[in-house]
Amino acid sequence: MRLLIINFAGDIRTDFYRLNSGGPETYYAQKYSIDSYARLRQYAEEVADLVYITQEAYDELLPNGVRAIGCGFRQFEDIDHKKIIQLIEKFDPTHLVLFTVDKNVLDWAVKKKIPTITTFANGISMQTSSPLHSLVKRLKNRRIISLLNQPNIEWVGSYGINSSRKLQHLGVKPEKIVPWDFLIDPNPGNFSPKILHPNQRNWSLCYIGAICEEKGVGDLLKAVKQLKSRSVSVHLNLVGSDSTNFAKNMIDKLDLQDSVELLGFVANHEVEPLMNSMDLVIVPSRHNYPEGFPLVIHHALRACTPIVASNHPMFKGYLQHHVNAMIFPEADVSALADCVEEILTNADVYRRISEVSHATWQQLRLPVKWADLVNRWASQSSTDYQWLADHSLNGSKQKAEEEFYLHADYA
């Protein structure tokens with residue numbers, strides 16, 4: 001077996017050497033992922049991880065025995081699919097693991113009849129800004145679904161129940177779909193529920209993630225502007241790369257220099273303490289952003305800081321308005337501002353939502369982790385095949401799990 005893992009981003013070479021020298025994780029489960037790649041060597045002659053977005057092109061065998069292949073594309077617009085296929089063919093894989101939805105790679109794998117599984121971290125985007133783009137996307141998605149149903153695509157792993165159900169709705173065979181997650185911690189941590197101080201008049205908001213229009217960052221900045229006009233004193237902390245100056249330009253345009261701080265990247269071990277120090281965590285994703293289930297929600301729940309989130313389809317069933325979060329219609333700036341103002345001026349709602357954070361976190365957890373899915377597939381044993389079948393959307397264990405959570409409460 002020559003096993004190739006394909007990722008959109010996450011520079012494995014840089015990450016390996018930083019972690020190996022005692023450096024911090026820059027995102028959750030980073031060490032878990034790299035260690036999992038190395039453990040796959042028990043089943044394969046060679047294991048490699050190919051990454052689209054890296055600072056430079058490279059092909060290097062790491063000390064842990066995993067080959068790191070960086071394509072050297074700096075951003076999405078630079079991606080050359082012909083070059084990606086050439087690099088895949090150079091490695092000559094017998095088996096593929098796809099982290100990212102890429103029709104070109106799926107096409108190649110199906111034509112070559114390469115045994116493949118997906119472990120999609122994001123969903124398949126459906127919504128676009130124009131009817132023409134929507135038609136193009138529907139046709140592209142139809143082709144992707146057709147490819148995913150081909151016999152050599154043996155399992156379709158997808159992050160979270162909602163993204164998995166979406167794939168089923170689009171036409172992927174449910175017996176092939178295995179929901180998984182990255183929530184490897186055995187407990188939600190030691191943070192305690194929070195309360196609003198009676199005389200508090202200044203509040204802190206936190207956003208962590210990609211800084212772009214589709215993630216709702218522009219909507220959030222406009223909501224901060226509205227809150228200021230209502231004399232609701234909030235300070236927004238934005239964590240993430242603003243390499244395109246999207247946030248900076250909008251902050252200047254809205255005259256929010258005194259109300260917004262750009263913090264850049266924050267090490268993974270600092271994320272939850274930072275969130276716990278904030279009054280609210282905002283997750284304003286628009287529907288056209290292909291969420292799987294954002295880890296920022298996982299971190300916020302562990303930190304016991306109430307969440308204000310959009311009604312993105314991937315959050316449905318997990319986050320409920322006035323129960324364990326405040327929910328607003330996507331891209332509705334006034335509704336976002338209303339939710340922030342309501343929870344910051346209603347101590348009972350704030351306390352109640354914070355109190356159920358850890359119970360909500362427990363409901364996010366799935367029995368299948370990334371390494372479980374890939375290791376059991378790579379082992380090629382009948383026992384592991386049956387385990388995967390049991391945890392597919394059609395499997396008895398998955399149905400029992402969903403039935404349990406369907407009737408769970410937050411008490």
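**View 1. Strands β10 and β11 in the parallel sheet.** In this predicted model, for which local features need pLDDT of at least 70, side-chain atom pairs count only at pLDDT 80 or more, and totals for chains, interfaces and linings use all residues, strand β10 (residues 233–239) pairs with β11 in the parallel sense over 4 bridges. Residues are numbered from 1 along each chain as its sequence is written, and side-chain values use heavy atoms, with hydrogens and water left out. Strands, like helices, are DSSP runs numbered from the N terminus (E, at least two residues, for strands; H or I, at least four, for helices), and two strands pair if DSSP finds at least two bridges between them. Leu236 has Val260 of β11 as its bridge partner, while Val239 has Gly264 of β11. Together with helix α8 (residues 246–254), β10 and β11 make a right-handed β-α-β unit, where right-handed means that, with the strands pointing away from the viewer, the path from the first strand over the helix to the second runs clockwise.

View 2. The open sheet is formed by 6 strands in the order β11-β10-β9-β12-β13-β14, and the pairing is parallel. At the edges stand β11 (260–264) and β14 (326–328), each with a single partner strand, so one side of each has no neighbour in the sheet. From one strand to the next the twist averages 25 degrees. Helix α10 (residues 295–303) packs on this sheet, touching β9 (202–208), β12 (280–283) and β13 (307–310), and the direction of α10 makes about 165 degrees with that of β12; contact means heavy atoms within 4.5 Å, and axes are lines fitted to C-alpha atoms, for helices over the stretch in contact, with angles running from 0 to 180 degrees between N-to-C directions. Cys304 lies in the loop between α10 and β13; its phi is near 65 degrees, a positive value in a residue other than glycine. With a relative accessibility of 2%, Cys304 counts as buried, a term that means under 20% relative accessible area, as against exposed at over 50% and partly exposed in between (1.4 Å probe, protein chains only).

View 3. Among the buried residues of α7 are Val217, Leu220, Leu221, Val224 and Leu227. The buried residues of this helix pack against β9, β10, α8, β11, β12 and α11 (333–344). After α7 comes Ser231, with a positive phi near 65 degrees.

View 4. Strands β7 and β8 pair in the parallel sense over 4 bridges, and Ser158, found in strand β7 (residues 153–159), stands opposite Pro179 in β8. Ser158 counts as buried at 2% relative accessibility, and, leaving aside residues up to four places away in sequence, its contacts include Phe120, Leu167, Val178 and Trp180.

**View 5. The nonpolar cores and Trp370.** A nonpolar core is a set of buried Ala, Val, Leu, Ile, Met, Phe, Trp, Tyr and Cys residues joined through side-chain atoms within 4.5 Å. Of the 64 residues in the largest such core, those touching the most other members are Ile12, Phe182, Met275, Ile297, Ile307 and Trp370. Helix α14 (residues 370–379) supplies the largest share of this core, 6 residues. Not counting residues up to four places away in sequence, Trp370 touches residues including Ile5, Tyr32, Leu40, Val97, Phe99, Trp180 and Phe182. A second, separate core of 37 residues includes Ile211, Val234, Val260 and Met326.

View 6. Gln380, in the loop between α14 and α15 (382–390), has a positive phi of about 60 degrees although it is not a glycine, and Gln380 is exposed, with a relative accessible area of 58%. Gly23 lies in the loop between α1 (12–20) and α2 (30–39) and counts as partly exposed at 23% relative accessibility. Between the C-alpha atoms of Gly23 and Ala267, which are 244 residues apart along the chain, the separation is 9.7 Å.
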